[in-house]
Amino acid sequence: MDSEEIKSETILEIEGLKTYYPTSRGMVKAVDDVTLNVHRSEFLGVVGESGSGKSTLGFSVLRLIPPPGRILDGSIQFEGIDILRLSNEEMRRLRGRKFGMIFQDPMTSLDPLLRIGEHIIETLCLHSDMSKKEAKTRATELLDLVGIGSERFDDYPHQFSGGMRQRVMIALAICLDPSLVIADEPTTALDVIVQARILDLISSLRKKYGLTLMLISHDLAAVIERCDTLAVMYAGQIVEYGTRRQIGKEPLHPYTQGLLKSTPNVRLVGAKASFITGPVPDMTQPPLGCRFHPRCPHAMEACRTTEPTVRRLDDNRVVRCHLY
């Protein structure tokens, strides 16, 4: 998708979102003042280290923040609906029908006592007017579509490998043609080959059906290879946003640059791998000024004392850094 195509209909508008978790040590600012738009048929990658807040961002959109976490401020507009004002029952009806979710660990998301086909039938019957016969036909089609095969319709989750279970989750996520699918690190705990196959499957389904996707990942290389646009998160904030070409060729934020340099590249013969020094910050007491400054090789005095504002360089280019 080119940058012109990205400016299609906006279906998700997040403005000033703050999602915190109260703890005995203080308030964990998991998502702290995030503003982000997602457009129809866009493939957005949200990337960052563990603890950056990317999964909490996805769960905030779905209103699935585990207690005692809660959304304290901001707005989330989905297809013109303010989802923060919906009742729990209204939100439940939206999930599955309008939102699809692919979780990290499919084994904990699937009922071990329910056959694979029955998972899909139950979802279809709960969120649509399909009869059980129609739902079974649709479930069979979906299993073939994601590469499982309808002959395994009556198998149980424990009879599948991790990669095959994740294919079941993908089938569940798209079974009702949702407006937005959120994939939260869908390749966690899978080997490298299976990871690539799962991401390729998600990409191919997106192209075939024009899905709108939000892929949450710590793997910047995989995200750049497949997504249209990227939002790079650090310490609860989006520090850079742009198209995959912009970020892949000219990353602006020192954090994004560090992530790219730490990614192995077989094409660069003899190149040494580098890494970002220092630990991720304690989000109950994030650093003053720029939150990345204790680990940043370009830190200036202003970085230590003044929080950088979000700077929009053009329609598809945003960075939160004093260098710009």
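This is a predicted model: local features need pLDDT of at least 70, side-chain atom pairs count only at pLDDT 80 or more; totals for chains, interfaces and linings use all residues.
Local features here need pLDDT of at least 70 and side-chain atom pairs count only at pLDDT 80 or more, while totals for chains, interfaces and linings use all residues. Residues are numbered from 1 along each chain as its sequence is written, and side-chain values use heavy atoms, with hydrogens and water left out.

**View 1. An open sheet of four strands, in the order 2-1-4-5.** The pairing here is antiparallel; two strands pair if DSSP finds at least two bridges between them. Helices (H or I, at least four residues) and strands (E, at least two) are DSSP runs, numbered from the N terminus. Strand 2 (26-39) and strand 5 (81-82) sit at the edges with a single partner strand each, so one side of each has no neighbour in the sheet. Look for strand 1 (residues 10-23) next to strand 2: ten bridges join them in the antiparallel sense.

**View 2. Helix 2 (residues 54-61) lying across strand 1, strand 2 and strand 4 (70-78).** The helix runs at about 115 degrees to strand 1; axes are lines fitted to C-alpha atoms, for helices over the stretch in contact, and angles run from 0 to 180 degrees between N-to-C directions. Now zoom in on S60, which is found in helix 2. S60 counts as buried because its relative accessibility is 0% (buried means under 20% relative accessible area, exposed over 50%, partly exposed in between, with a 1.4 Å probe and protein chains only). A polar atom of the S60 side chain lies 2.7 Å from the backbone oxygen of T56. Setting aside neighbours within four places in sequence, S60 is in contact (heavy atoms within 4.5 Å) with L17, T19, I65, I71, I76 and I83.

**View 3. Helix 8 (residues 192-209) and what covers it.** Its 18 residues reach 26 Å from first C-alpha to last, close to the 26 Å expected at 1.5 Å a residue; the expected span is 1.5 Å times one less than the number of residues. The buried residues of helix 8 are I198, L199, L201, I202, S203, L205 and R206. Among the elements covering them are strand 3 (43-47), helix 6 (132-145) and helix 7 (162-174). At the start of the helix, a side-chain oxygen of D191 comes within 3.1 Å of the backbone nitrogen of I193. After the helix comes G210, with a positive phi near 65 degrees.

**View 4. Two of the five aromatic pairs in the structure.** The ring centres of F78 and F99 are 4.2 Å apart and the planes are at 35 degrees, so this pair is tilted (rings of Phe, Tyr and Trp, the last by its six-membered ring, pair if their centres lie within 6.5 Å; planes under 30 degrees apart count as stacked, over 60 as edge-to-face and the rest as tilted). Both F78 and F99 are buried. Y234 and Y255 make a tilted pair too, at 4.6 Å centre to centre and 55 degrees between the planes. Ring pairs also bring in F292, linking it with Y234 and Y255 into a cluster.

**View 5. Strand 9, with both faces covered.** Six of its six residues are buried, so the strand is largely enclosed by the rest of the structure. T229, A231 and M233 lie on one side, with L230, V232 and Y234 on the other. Strand 3 pairs with strand 9 in the parallel sense over four bridges, and V47 stands opposite V232. Strand 10 (residues 237-243) runs antiparallel to strand 9, joined by six bridges, with A231 opposite Y241. Strands 9 and 10 form a hairpin with two residues between them, and A235 in the turn has a positive phi of about 50 degrees.

Terms used:
A polar contact is a pair of N or O atoms within 3.5 Å; within protein, one must be able to donate a hydrogen and the other to accept it, and residues adjacent in sequence count only if both atoms are side-chain atoms.
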